Structure formats: structure tokens, C-alpha cells
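This briefing is meant for a reader who is meeting the structure for the first time. Please keep the sequence and the model at hand while going through the points below.

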Amino acid sequence: MDGVSLNTDPVVDDDADADEFEIEGDCGMAKCISQSGVIQGENPLPPVVGMEFDSYEDVYYFYNCYAKEQGFGVRVSNTWYRKTKERYRGKLSCSSAGFKKKSEANRPRPETRTGCPAMIKFRLMENKRWRIIEVELDHNHLISAISGKFYKSHKQLGIGTKRALHLDSAEEVQKVRLFRTVVIDVEGNGSVEVSSGEFRSSHNQTSQLRLKDGDAQAIHNYFSHLQLIDPNFFYVVDLNEKGCLRNLFWSNTRSRVAYGYFGDVVAVDTICLTDKYQVPLVSFIGVNHHGQSVLLGCGLLAGDTIEACTWLFRAWLTCMLGRPPQVIITDQCRTLQAAVADVFPRAFHCLCLPRIMQKVPEKLGGLYEYESIRMALNNAVYYSLRPEEFEATWEDMIHHYGLRNHVWLQMLYEDRRQWVPVYLKEIFLAGMLLTRPNEVVESFFDGYLDKHTSLKEFLDKYDQALQANHQLEVLADMESRNSGFMLQSRCYFELQLAKLYTNNILRKFEREVEGMYSCFCTRQINGEGEVITYMVREQTEVDGNRRECRDFEVLYNATEMEVLCVCGLFNFKGYLCRHALSVLHQNGIEEIPPQYVVSRWRKDIKRSYVLNHSNGGIDINNPVHRYDHLYKCIMQVVEEGRKSEVRYKDTVQALDQILRKLNL
């Protein structure tokens, strides 16, 4: 993982403070090592500006583990103290940093230092956590992982840096762990002020995962298996104060690469937490070029607290190299809303409309005239075309049925800009926010996970779910590339996109092409300037059992080839609506303008689910580096070679030639 700086907070250097002083040297750090955490699993991440840790010792331990993996030693160059003897700042350097003082001894020891610049600086923040504020990764000398065991700073780490994690009861030992603090905060500190009555406290019985017999071993076995078959498998473990497993995050290579293609809109599925499943699973979901769900990572949380959700979001963001999505969709939950605001402050946060509407019977079912209230709410939410129309319809409902003091409806209204479709028309949602009545959100693990599924059972079925999802994508790819789409009309727009889009997306677009013929009146109502306003009349279905005529305003700019409909379908679904198509057709336009041809739906883009690796930073004199790099390169060959029988034969033939050449 490349080092990236995601911290935007200015760091104030107060070295000159009169109440503070500096101590150079190791300061007895070696005595503290064995009390720190343990890194196991994926190779330790390189230090990155913005990483936070619970203690000074954790920073040292993390950097020392990273150093051992890379093949250099660590020493404490500087530690800054206040007059209260509280440490507030530190600097860790490569053991080859600086130069020794000249010795007058008859047989002085040979010089081992090279003035190496590699180091990290870190300081204590207001939240009492230690943050890395400066990083230099480059050395001015050769480093080798093989020689790591000879460095003094590594003596306390032991073989493989493993230690058993003890549970409170006689449950089995867990050996799955990574630093819980090695996660990136996108916008610096970003703490959120909330009232104690609004969110759940983290100081409760949900301070550790409730594992049954066999669960911990199942996690260990499954993750060990994935590490063997997937060199870029990523996971992070969060431990509580007693060393017990609290939260967990993981993601495989396919998910990490898929995020690069389809990470613009991400949904966070927390149904297992809200419905109290045995497996407290949180899933990160996107949609691929066929409109199918794609998994972007998973987590297990001991509780639905702000702290737990924030930890999980930061772990996921670190896995995705610090690249936040443009839009993130969650359930309406104050805990999630606070965590999203903290970790993804620049992303637009949407609330899942179908999940909100599914709560209507529970929240409003006991009210007098419930059925009339439900229909009025549906009308306001689904059939309003403009914000002022929604506001008026909502107010009429509240006034007519005496709902002014209904707490849940008040909360919905406060959050209306995050879930009511009329407020979301300028946000590209890629079809992930369902905006029509009676649409239901399906879980990625439907059929593999229910309320009574144990964690061990889920891990046994996890690969099946991923394989089934992968097969659906492969089949859809083959259908889109090898079989022509059966066009229902000879419309120019449909012919154009049939050459570009996948079949699944074409089927959805086809409904809009067919819908053009239900738009029986398209008239120009304003022609001043470059932008022309059209009114398109359509007979639409309302409440599922009646039809009515509605007028849709469409703005058209012939100079810029821009078309904008009040229904907002393009941003909701990723393709133009029937009203916009009618206006283009009326103006003699035979092709959809290029800005409305979305690349994420294209079938002619080659998508390889292998992380892109270069040989930068590889020490060819290091056999470990050689093995690791060759393994990652060959995985790319395998991924390409499996795609067809011809490619498979070519790959086998090429590998045989390479082996013969190497044997000679």
C-alpha cells in the first residue's frame, strides 16, 4: 500500500514552549515493547501521515514491526516532555540515522550509521491519541528483511510477532490481530459533538464480540486460508482493553479492485445489527457495470456505537487507500450519521428510502386513519417533482391528520434532504437509491445469512456467496459481449447504446425508449436565450391502480447539447429518461450526447480484478522481495489466462517456455 497523506489539519510545532523540554535517546523503550499489541496477517502497513494510536508505546511497536518486515532497526531519536513529565511528541528513526561521535579509542568500532533520513514524527492530540504527523520512508542504504533479526530493537518481537489473545472466559485462544489504531482519518481529528441521550454509550456490555465455541478458530482458519490464496487480502482487528476481540474488518483483492471501478456510490448494509442477527455483519456494497451488487468489504461489530462505526469506516477507508466515495448510503440512524460525518465529511450522505418506508407500519400503524396517512406520505415522497411541492404536501398531511408532535415524522422531516428524491436530483446515485414505491433492498448475502446463522456457518458459506456473485458477473459479461441485444424498437438512441452498454442496463434503458411513446404532448413553452423550456405530458401510474396525466419540465440547450428533466432520472439511474429523449427526438437529435453516455455501464472497458503492481522499491538482491513480486505478477497472468480456452493454452505454453529457459 502506498503511503498517502490524508490529514488536512495543520500541525503546530510548539517545541519552543517554555514549559516543555526534549530528551534524546532510546528512553528505555525496549522495556515497553512486550506490553504492546501484535501485528499478524497482512504485512504491516507503511506509516502514513494521519494514522492514530492509543499510546506512545503502540506507535513504537507499530513502527518497529514495520521496520522488522522491511529489514531495518529502529531507535528513538527524540522525545519531547512537558514540565509535568508528560510526553507529547516523539521521533523514531532508522537505526542508521545520524553519525556516531568520533572515538579516541585505539580500536574504535566500525561506523554503522549512514545519516539515514527514514523516520516518523508523531504527537499527542487533543483526543489523547497519538498521531503520525511526518513520514520519511526512503533510506540511503540497502535494507533487507533477512537481516531484521539482528537488530537490537527487534529482540523483543519474537518469531513471527505472534501472541495469543485471551478471552474473559475459557473460550479458545484467538490469534487474529492487527493494530486497531492503524486507520486513516480523512479530515484530521473530526470529533463529533453529540448529546448523551441521542446515541448509545460505548461503555456497555457490547465491548467485545460474542463468540461461540469454534468461532474464533473459524476466523483464524478462514483468514489464514485467504492469506495463502490472496496475497493482497486485507484485514484489521480491534481489541478492547482486556485484549478481547471487539471489531473486525476484512476485504479481498477483488473487492479492493472493484472499488476502483465502482466506488463512486457505496451503500453500508447494517441490517444484521438493526435486526439483531447472530452475526453482527456490516457490508460495504457497490454496483457493477451490469447493475449487480458487488461486495466492497465486510466487518463485524460488537455494538452499534459511534466509536465502533467510526473505527469500521476508517478501517475500510484505509483498505481503499484513503479514497472516499462520492456518495455513501446508510439506514437512518443517528449513530451512523455521526460516524459518516466524522470519517467521510466530503461525501454526500443519503439515507436509504426503502428502509425508511418499511418502518411506516411500525411507526404509524397505530394511528387513526393510518391507511389515509400512508397514502398521503407516499404521495408526498414519491410523486413530488419539486421541493416546494413536497413541502406543501407534507404540511397538508401534518395539519390534516394532527401529526405536528409526532417524533418520528419530525425526525424524517429534519433529514428530508438526505432521503426524499426531490432533494437528491443533483446527486449521481448509479441506481443504488431505490426511488419508486414498493421497491425492496436485497442484502448481498440473502440466502446465505439469516438471524439464526452462526458465525462459523456464515464463514463456511461466505465463499459460496462470493463465487455465486462472481459467476453472475461472468455470465452477464459473456452475454453482453457475445450475444446481440434483441432490440424492441429501431430507435436511434437504443441502437447507439446497444453497441456500448451491457445488456442488463440496456433492458432498463429500453423501458424509457418505450415510454417515449406514452409522452403524447411535447411543447415548447419558453424560448428565450440558449436554454429552451419544454413541457412533456405523460400518462403515469399513481398508487399502483390509477393513471393520471402529468407534465414534466425539460430544459434543453442546443449549443451545449444539454438536456435536464425535472424527474431527475439520469442522476438516479445513470441513463436519460423518456421525457429528455422525447425532447432530443423532437429536435432531430439522433444520438445521445456523449456526456450522457456513462462509462461505468460500458461493456467495452476491460476490467481486471488484479491489483496493479509495479516493481518500484523492489530490492532484487532480497530473495523475499523477489518471491513476493514474482508471485503478484504471476497472479495477473493466471487471471488473464483463465478467461478462455485459447488464453489458457497460450498461458500454459508460455509458462513451459519460461521454465525450460530457467532450467537451462
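In which helix is the place of Leu662? Leu662 lies in helix α18, and the description that follows starts from there, bearing in mind that the model is a predicted one.

**The nonpolar surface patch**

- Leu662 is exposed because its relative accessibility is 65%, and exposed here means over 50% relative accessible area.
- Together with Ile634, Val637, Val638, Leu655, Ile658 and Leu659, Leu662 forms a nonpolar patch on the surface, and the accessible area of these residues together is about 590 Å².
- Two helices, α17 (623–641) and α18 (645–663), each contribute at least two residues to the nonpolar patch.
- The largest share of the patch, 4 residues, is supplied by α18, the helix in which Leu662 is found.

**Positive phi at Lys276**

- Lys276, a residue other than glycine, has a positive phi value, near 60°.
- The loop that holds Lys276 runs between α4 (271–274) and β10 (281–287).
- Because its relative accessible area is 56%, Lys276 counts as exposed.

**Positive phi at Ala430**

- Ala430, which is likewise not a glycine, has a positive phi that is near 55°.
- Ala430 sits in the loop between α11 (407–414) and α12 (455–482).
- Is Ala430 buried or exposed? With a relative accessibility of 3%, Ala430 counts as buried, since buried means under 20% relative accessible area.

Key. Residues numbered from 1 in each chain as written. Predicted model: local features only at pLDDT ≥ 70, side-chain atom pairs only at ≥ 80, totals over all residues. Heavy atoms only, no water. Patch = residues over 30% accessible without salt bridge, like charges linked within 9 Å, V, L, I, M, F, W, Y side chains within 5 Å. Areas by Shrake-Rupley, 256 points an atom, 1.4 Å probe, with all protein chains shown as cover. Salt bridge = Lys/Arg side-chain N within 4 Å of Asp/Glu carboxyl O. Buried < 20%, exposed > 50% of the residue type's maximum accessible area, 1.4 Å probe, protein only.
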